[in-house]
Amino acid sequence: TMVSASFDPHPHIGHGFEVSFESGRPRPIGFPPVASTHHFHSGTGMKPKSWPEITSRSGTYVLVLRSSIHRRLAIGRLGPLVLEPGTWLYVGSAFGPGGLRARTNRHRTKHTGRRWHIDFLKPWVRLAEIWFTEDPVHREHEWANWFGSNEGLHTPLPGFGSSDCRCRSHLFHAAKAPDFDWFCTMQSTTGGKAVDRLRLDS
């Protein structure tokens, strides 16, 4: 099941789209499907040791987080973050030992050591989806720039996840979920490897 979109994710590329018969959603004319969707249902509430859908290869990922509360959080030395209801997107990369599997498994665990900014946020949100690619090219900053220029998203705390780079932030918020098809189209225009989506919600 595709995530529904309730805003125009990229207004300046609105022309030249056709409606997909299968999903009823707009997609760029001439662009073949470039993403696949995997499903994982954790109905037992038990955390698996790993997800077979996500390999130990290196790559870049997006955590799609859901919040239903309003709360002021302290993000280490960075400062306060006002958590609001809606969808939160966090962009990260996994080019170290264990690759995507090790890094996303860590993010799936709510209570871990507070090593990164995201560790301060995890206990207060629900991880709904993971968008990821095994592209050997580091896409983290490129993806953060896409989200940062998207009119449907805003940056609540500059510097979040980006203290070691020039990106304004790697964390973004939207009242409604952004469009996964738009994101895949953006990736395909760069010649990068396809983006996959792992759904963690039942």
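I began at leucine 63 and found isoleucine 130 as its bridge partner in β8. The model is predicted, so I kept in mind that local features need pLDDT of at least 70 and side-chain atom pairs pLDDT 80 or more, while totals for chains, interfaces and linings use all residues. Residues are numbered from 1 along each chain as its sequence is written, and side-chain values use heavy atoms, with hydrogens and water left out.

Next I looked up the pairing; strands here are DSSP E runs of at least two residues, helices H or I runs of at least four, both numbered from the N terminus. Two strands count as paired if DSSP finds at least two bridges between them. I found seven bridges between β4 and β8 (residues 126–133), running antiparallel. Strand β7 (residues 86–94) is also antiparallel to β4, with nine bridges, and there tyrosine 90 stands opposite leucine 63.

Then I asked myself: is β4 buried or exposed? Nine of its nine residues (59–67) are buried, so the rest of the structure largely encloses it. Buried means under 20% relative accessible area, exposed over 50%, and partly exposed in between (1.4 Å probe, protein chains only). Gly59, Tyr61, Leu63, Leu65 and Ser67 point one way, and Thr60, Val62, Val64 and Arg66 the other. A handy reminder: side chains in a regular strand alternate between the two faces of the sheet.

My last stop was glycine 161, in the loop between α3 (140–148) and β9 (171–174). Glycine 161 is buried, at 17% relative accessible area. Beyond neighbours within four places in sequence, glycine 161 contacts (heavy atoms within 4.5 Å) Tyr90, His117 and His170. I also noted 8.1 Å between the C-alpha atoms of glycine 161 and valine 91, which are 70 residues apart along the chain.
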